[in-house]
Every structure is written in structure tokens, then in C-alpha cells.
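User: I would like to go through this structure step by step. Please take my questions in turn.

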Amino acid sequence: MTDTQSIIAGARSDRKANVYEIIDQLLTDFYELHGDHIVGDDPAVIAGLAKLSGFPVAVIATQKGNSLEDRMATHFGSPEPAGYRKSLRVMKLAEKLNFPIITLINTPGAYPGADAEASGQGQMIAKNISEMLKLKVPILTVIIGEAGSGGALALACSDQIWMFENSMYSVLSPEGFASIMWKDAHLADKAAKLMRLTPDWLLKQHAIHRVIPENMLTDGSLKTAMTGAIHDLAHQDVSKLLKKRADFFRRF
Amino acid sequence: MSLGEHVKRFSSRSVSMLKHYQAKVPSGIWQECPHCHASFYFKRAGQYRVCPECGYGFRVTAHRRLKMLTKQFEEWDTDLETKDPTEFPDYDRKIKKAQSATHLKDGVITGRAIIEDYPVALGIMDPLFIMGSLGTANGERITRMFEKATDQQLPVVLFTASGGARMQEGIYSLMQMAKISQAVNNHAAAGLAYIAVIMDPTTGGVTASFASQADITLAEPKALFGFTGKRVIEQTINKQLPDDFQSVENSYKRGFIDEIVSREEIPHRLGQLLSILEAKKWGDAK
């Protein structure tokens with residue numbers, strides 16, 4: 001296995017599929033909120049309020065799930081428009097309450113279903129990107145496993161973007177990339193090599209802020225690092241915070 | 001000779017005759033509409049390049065589109081060119097080919113235009129430049145257009161056409177969506193109007209960012225407007241979708257588009273809208 005292949009395998013491993021366990025390791029007092037309060041509740045997006053080291057935060061995460069039922073329900077962690085609406089609803093709540101936002105990402109991309117498409121998948125992603133860039137509270141994103149396409153970006157227009165050593169962030173999933181470039185999704189391995197979706201390369205391009213060794217989750221040091229980072233962000237002047245967030249993307 | 005043999009001889013002869021005569025017709029004289037598949041003499045599409053049967057507007061270069069809109073245009077940022085940020089194999093060759101086909105450095109033209117007497121910042125994406133895909137160079141040009149429009153207090157009119165993110169630019173392409181969205185936000189925060197005109201095709205990351213962030217959204221008849229490619233959706237749900245699944249006519253019914261306007265009518269409609277959007281406001285000093 002090449003480095004890229006082993007990173008992809010690690011990013012897609014079952015250990016990362018259940019984000020509830022990761023939330024438990026990082027946060028306390030998690031209270032899950034349900035529904036977009038318009039048409040539905042998408043199980044691929046988990047959102048709620050919690051505490052990080054005793055301070056309140058809002059958390060939004062994509063969930064793949066371990067059981068077959070869960071994976072069918074979440075479409076392997078691919079949100080539908082209702083999921084993005086739920087996410088935006090909780091982000092707006094966080095802004096109102098002045099809570100920092102944590103997003104935990106593990107999604108191959110937005111769900112490519114017919115109903116999702118017809119009910120405005122593209123339009124919801126466009127809206128969430130636009131709104132996230134305006135939120136007056138700090139946003140910290142941790143890419144846990146996969147982060148593919150606009151479906152991931154809609155949760156990652158953040159002040160700090162961190163990636164686990166075994167995680168990937170790309171314009172599209174390797175399968176989708178191969179399907180577009182060569183009309184054959186089976187050439188995903190060839191695609192992955194060309195796509196430069198690994199954390200070390202992305203860090204060199206300043207597309208992310210930090211690479212996290214896998215053991216930082218279990219030994220508690222990730223929680224400490226997140227607490228420190230959010231503490232620093234929360235003490236910044238809001239206009240400065242927004243300016244820095246904008247400048248980060250402006251450089252590309 | 002039996003009847004069957006007669007038919008066989010006759011048909012093979014007519015096929016070869018047909019081929020013989022077809023070879024004498026210069027290509028491009030007889031055209032087929034990709035939407036309704038009607039065939040017609042090319043001149044019937046007229047100066048606006050529209051199918052005389054169904055009204056579908058053929059994909060045209062950004063320069064040709066500009067001619068259909070206005071004669072008064074001052075172009076901005078003509079030199080922006082991709083730096084091939086992911087060093088993708090063979091990408092430079094593909095870029096050169098697209099550049100000679102469209103006479104553009106990358107897939108958009110931007111500048112200050114006068115449309116029906118109103119000054120605007122105008123952007124036109126080129127569907128013939130690597131499918132109008134969004135990369136660093138056209139992304140930067142669109143961003144600067146919104147920034148200049150904000151500085152110069154101009155409304156933006158942007159004609160979108162794109163196959164989505166430019167795969168060869170990887171994460172850099174994805175980041176354009178956030179970069180341009182931020183410029184759209186700043187333009188909006190200055191109280192300035194943004195009109196998008198959805199052309200065929202507008203898809204992927206462009207739909208999932210600035211094409212869907214306008215205040216008023218117009219579209220050309222029969223244009224394709226969607227996020228995920230139809231083939232991918234069909235494979236996901238294991239079901240065939242109707243041909244018009246992602247037509248702007250359907251988007252209009254679902255509430256994502258304000259009006260579908262024929263290509264010929266677009267300048268006039270923009271003028272109508274701009275006359276309201278740019279009218280002197282209540283309480284403004286003389």
C-alpha cells in the first residue's frame with residue numbers, strides 16, 4: 001500500500017464511522033438537537049450543544065454510523081439539504097448565544113440522490129458557505145476521516161481547520177474524480193495518487209492549519225489543544241476574526 | 001428476383017447514395033439541436049444561436065455572448081492564468097488548447113459594461129473553456145470582479161456556465177467557492193445588487209456557490225442547472241431520470257429561479273431590472 005492508499009484506508013476505517021464516540025471523547029453534557037425545523041431531520045448531520053472543558057459550544061458533525069441500517073439512513077455520512085439546513089440552524093443559534101462552533105467532518109460529499117438534488121442540494125451548500133463566512137463566533141473544524149467536495153466545504157468555512165493524520169480533504173471523492181476524468185469510478189486508486197488529498201500536502205499549501213496525530217484523540221491532548229485554540233479565537237475582536245477567516249480563503 | 005432481394009438491393013444502394021451526397025455537404029451547414037434533436041439549416045439559428053424549434057440556446061464562447069449583450073465594454077484582469085497548483089499531468093496542454101479555442105486565458109471574461117444605459121460589472125463564463133470549469137484563474141477573475149464592483153458601487157451581472165470544479169486544480173478549485181462567496185458577501189453588504197443569468201450548463205461547485213447566491217436569478221430556456229451530474233444520481237438511486245430532470249424549467253417550478261428569459265430578450269430584461277435596482281432611492285439627496 002502506498003502512503004496515500006493507507007491514509008485513505010485509515011480515513012475510511014470503521015473506527016471513525018461513529019462520531020458520537022468522538023463527541024464523547026472531546027465534549028461533555030452533549031445535548032442533541034433534531035430537525036431543520038422546516039421539513040425534516042437528516043441523520044447524516046448531528047447537531048447539538050455541549051461543553052468543552054466546561055465552556056459552552058455548539059457542535060455539528062457528519063455521521064456515517066457502524067450498522068448497515070445506520071449507513072443506509074445516513075447514506076454513508078452524506079448529508080441531504082435538510083442536514084445542511086439543520087447545520088445552519090444550529091450555527092445561527094450558536095451565533096445568537098455567542099457559543100463557539102466545532103464541526104467534525106467525515107463525509108464523502110453531499111448525498112447525490114434525486115430528491116436531494118430536486119430540493120436544492122447545491123443551493124443549500126451555497127447558502128451555508130455564504131452564512132458560515134459571516135458568523136460572528138469562532139469556528140473550529142476537525143476533519144476526522146473523509147472530507148469531499150462542496151458537501152464538506154459547507155461545514156469547513158472556518159477559522160481553524162485541522163486534519164487527523166489519517167484523513168483526506170479533496171475537491172471530490174477519488175471515485176467521483178475518476179468518474180469525471182476517465183468515466184470509470186474503478187480508477188479511484190489512480191485518481192487518489194494525482195489528487196493530493198493528504199494532510200501533509202494540504203498543510204504545505206496552507207489549505208488547513210494543523211495535522212493531528214491519531215493518538216491525540218485517545219490521550220486527551222486533542223481536547224486540550226481545541227480548548228486552547230478556541231480560547232484564543234474567542235478573545236479576538238470579531239471584525240479581526242472575520243477578516244482573518246476571509247483572508248485565509250482569499251489567498252487561493 | 002424475389003421481393004426481399006429487391007428491397008435489399010434498393011436499400012443498400014440508397015444508403016451508399018446518401019453517404020455520397022452527405023459527403024458533399026460542408027459540415028456545420030446542417031445542425032442538430034442537442035436538446036430537442038431537431039435538424040435545421042444552420043442559418044435558422046440566427047445571430048443569437050437559438051434552436052428554431054425549441055428555443056434552446058447553443059453554447060457560445062464568452063466573446064460571442066458579449067457581442068449579444070453590449071458594445072460598451074472595458075475588460076478587467078485579462079492576464080490571469082493558472083499556475084497549475086497541483087502540477088497535474090498534461091494540464092498545461094489542455095489549457096493551451098482551451099485558450100486557442102476561446103481566445104481567453106481562462107474560462108471567463110469580466111469588466112465594466114453598459115447594458116441598456118446602466119453601468120454594471122459584467123462577467124461571462126465560457127462553457128467552451130474546459131467545460132467552463134472553475135479553477136484558480138477564472139475564480140480569481142470573478143472574485144476581483146465582485147471586489148471592483150464593490151469599490152466602484154456597481155451592480156453585478158454574471159452569466160454562469162460551468163461543468164463545476166476544475167478537477168485538475170484539486171483543493172485549489174474547491175477553495176474558489178469560499179473565496180468567491182466571500183467577495184459576493186462583501187458586495188452584498190455594501191447594498192449592491194447581484195443578478196445571475198444561468199446558462200447551459202451550470203452545475204457542480206458553481207451551482208453550490210456563487211450561481212446560487214444572487215439576489216435575482218434569470219435563466220436561459222432549456223439550460224441545464226444542477227449540482228450532481230445526472231449520471232451519478234442515476235447510479236446512486238439505480239433508476240433512470242427524465243431528460244429534463246435538471247432543466248431550468250423544472251428549477252423554476254421548484255422555486256429556484258425568478259424568470260426564464262429568451263436569449264434575445266435578456267439585455268432588455270436586464271435593463272428593466274436595472275432601472276428599478278439603480279433608481280434613485282427614497283430620501284436620497286438630489
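User: Which residue in β7(B) stands opposite Leu158(B)?

Analyst: The model is a predicted one. Strand β6 (residues 156-162) of chain B pairs with strand β7 (residues 194-202) of chain B in the parallel sense, over six bridges. Across this pairing, the residue opposite Leu158(B) is Ala196(B).

User: Which are the edge strands of the open sheet of chain B?

Analyst: The sheet has seven strands with mixed pairing, in the order β3-β4-β5-β6-β7-β8-β9 (chain B). An edge strand here pairs on one side only. The two are β3 (73-75) and β9 (259-260) of chain B.

User: Are α4(B) and α5(B) roughly parallel or roughly antiparallel to each other?

Analyst: Helix α4 (residues 136-151) of chain B packs against helix α5 (residues 170-189) of chain B with axes 9 Å apart and an angle of about 10°. Angles under 35 degrees count as roughly parallel. The two helices, α4(B) and α5(B), are therefore roughly parallel.

User: Is Cys51(B) buried or partly exposed?

Analyst: Cys51(B) lies in the loop between β2 and α2 (62-69) of chain B. A residue counts as buried if 20 or more other C-beta atoms lie within 10 Å of its own. Cys51(B) has 22 such neighbours inside 10 Å, so Cys51(B) is buried.

User: Which residues does the UniProt annotation "binding site" cover?

Analyst: The annotation comes from an unreviewed UniProt entry. The annotated residues span 22 residues in sequence, but no two of their C-alpha atoms are more than 8.6 Å apart, so they gather at one spot.

Definitions and conventions:
Residues numbered from 1 in each chain as written. Chains lettered and ligands numbered in written order. Predicted model: local features only at pLDDT ≥ 70, side-chain atom pairs only at ≥ 80, totals over all residues. Pairing = 2+ DSSP bridges. Helix = DSSP H or I, 4+ residues; strand = E, 2+ residues; numbered from the N terminus. Axes fitted to C-alpha atoms, helices over the stretch in contact; angles between N-to-C directions. Parallel < 35°, antiparallel > 145°, perpendicular 65-115°, else oblique. UniProt positions renumbered as here; feature names shortened; annotations may be inferred. Buried ≥ 20, exposed ≤ 12 C-beta atoms within 10 Å, placed from the backbone.
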